[in-house]
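Subject: Structure handover

Hello,

Please find the structure below, followed by notes on what was found in it.

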Amino acid sequence: MNRTTLSLIGAATALAAVTGVAALTGGSSDDPDPAAKAATRLPVQRSTLLCPTPSSSDVSTTTYTAYTPERDDVATKNGTAELLPAQSPPDDVSDPGDGDSKDDGDSKDAKGADEDKGGDKAVLPLKEPGKPVTVEEDSADAPALIGTADGRFAPGWTVQQTTTVDAGSGRGLLGTACTAPDTDFWFPGVSTDKERQDFVHLTNPDDAAAEVDLKLYGPSGRLKPSTDESITVPPRSTVPVLLSTLTDQRAEGAALRVTARTGRIGAAVQAVDQKAGSDWLPASALPSASVTIPGIPEDVTSARLVVFAPGSDDADLKVRLAGPNNSITPAGHESLHVKSGMTAAIDLGDVTKGEPGSLLLTPEGGKGSATPVVAALQVTRGKGGNQETAFIPATGAIERGATAADNRTKGSTLSLVAPGAAAKVRITASAGAGGGSPVSKTYEIKGGTTKALEPPHPASGKGSYAVTVERLSGGPVHASRMLALPEGGVPMFTIQALPDDRGTVAVPEADQDLSVLNGD
């Protein structure tokens with residue numbers, strides 16, 4: 001593995017403004033716009049990704065891996081892909097209890113330390129599609145990253161952040177795919193309980209400050225705020241907020257909504273459990289009447305489902321477990337009632353019983369009574385003092401392709417679920433960061449089942465590699481990747497959902513309504 005140490009001095013210079021005909025931002029949908037179905041799909045020309053601050057632990061090591069798949073439909077041979085460190089905010093901005101938080105664009109903090117220390121070099125620059133680039137950082141001062149890719153590197157650009165914390169309350173393997181900026185995020189499964197410390201990391205990629213609202217909901221509805229829930233995120237900066245400081249109420253199964261009133265942000269929740277380790281909790285897919293949570297490990301010792309109904313109607317859901325051969329109802333958990341504006345949680349225990357699976361939540365009363373929900377599952381492996389936890393959010397379907405970077409020689413498990421009709425996919429292992437050549441294999445997934453497999457390895461590959469899943473035919477496919485790196489008797493692991501990479505955009509024909517490009 002080729003390793004480079006990240007510079008930790010100074011702050012980022014401004015990124016170039018996002019331009020081009022097509023740009024990758026946030027959000028996704030399993031059902032494309034009807035107007036877009038008839039349009040020509042072209043590769044995106046520009047992508048933006050945001051990586052949260054990995055860890056404050058002195059015994060942490062973080063590996064960043066960047067990758068763009070090779071594509072036949074990309075005409076240009078030009079382009080770049082790189083990330084820059086984000087600024088740390090002034091103390092008064094990061095404290096949600098300070099009602100006088102300000103963003104002074106002329107202050108030294110808002111401008112960044114680059115004026116004093118000469119700025120930072122870009123990290124993870126890609127040289128060619130199809131070959132991942134990896135760097136490693138072993139300091140507690142590793143920064144959040146803000147990056148862009150354009151030209152041939154933009155379609156399907158993926159950055160993975162994997163952190164190992166060897167000791168302490170945050171001990172564990174924490175992994176997250178860096179995300180595109182957006183304006184609205186849902187995080188079911190957060191906690192303000194005394195046993196947990198959950199931080200939401202807010203990263204602003206743009207040249208203007210972003211105004212962000214944070215709202216917490218629990219089993220009885222909205223959690224009463226104890227302080228101002230509005231946060232100012234300065235330009236090109238990241239702000240962490242401890243959720244328990246927003247309310248005096250303690251809720252184990254809560255939901256967080258993050259809304260940018262101005263600007264756009266990246267958002268991710270770092271959950272630290274004093275008994276069961278830590279990991280990143282990604283945002284749930286957009287509210288939907290039917291929800292898929294892919295990739296529950298076969299040896300899970302406990303699983304806790306948290307669902308939130310954000311609309312004005314209650315939700316009645318049928319709970320199914322899609323295993324290797326069929327879908328079954330978990331014993332004692334046939335259905336779940338979720339009241340409007342409240343969370344509902346169920347403890348499923350060792351629900352998979354030694355076989356890999358995925359959770360399927362569907363309306364119990366048919367489409368006429370369907371109510372959109374968001375959901376996430378906390379899964380635990382190990383027992384006693386050797387427990388480790390991870391989170392799987394509701395995940396959108398792969399429309400065309402999705403990639404998981406940073407796969408190792410051992411420890412990667414890919415889970416694919418077809419909740420409806422059977423489907424066929426192609427899985428491609430990229431060249432390794434240190435060499436080798438790609439390998440592809442085709443798999444069929446029976447409807448209503450989960451296929452868990454070790455992904456292909458690159459031929460003569462060296463170093464970590466990426467895995468790309470392409471849906472070839474059949475019904476919807478949802479996927480996740482588990483990376484397991486056991487250490488000292490602790491089954492350290494992390495799970496990353498694989499939603500569609502949105503590497504293409506629908507471009508209308510000349511006689512079609514051009515408003516589909518604007519998202520209005």
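This is a predicted model: local features need pLDDT of at least 70, side-chain atom pairs count only at pLDDT 80 or more; totals for chains, interfaces and linings use all residues.

Residues are numbered from 1 along each chain as its sequence is written, and side-chain values use heavy atoms, with hydrogens and water left out.

Cores. A nonpolar core here is a set of buried Ala, Val, Leu, Ile, Met, Phe, Trp, Tyr and Cys residues joined through side-chain atoms within 4.5 Å; buried means under 20% relative accessible area (1.4 Å probe, protein chains only). The largest one has 31 residues, and Ile296, Leu305, Val307, Leu359, Leu377 and Val379 touch the most other members. Strand S21 (residues 315–322) contributes the most to this core, with four residues. Another core, of 28 residues, lies apart from it and includes Leu214, Leu216, Ala376 and Phe391.

Strand S17. Strands are DSSP runs (E, at least two residues), numbered from the N terminus. S17 spans residues 266–273, and eight of its eight residues are buried. Gly266, Ala268, Gln270 and Val272 point one way, and Ala267, Val269, Ala271 and Asp273 the other. In a regular strand the side chains alternate between the two faces of the sheet.

Two strands pair if DSSP finds at least two bridges between them. S17 runs antiparallel to S11 (residues 196–203), with eight bridges; Thr203 stands opposite Gly266. S17 also pairs with S18 (residues 277–281) in the antiparallel sense over five bridges, and a hairpin of three residues joins S17 to S18.

Regards

Methods. Buried means under 20% relative accessible area, exposed over 50%, partly exposed in between (1.4 Å probe, protein chains only).
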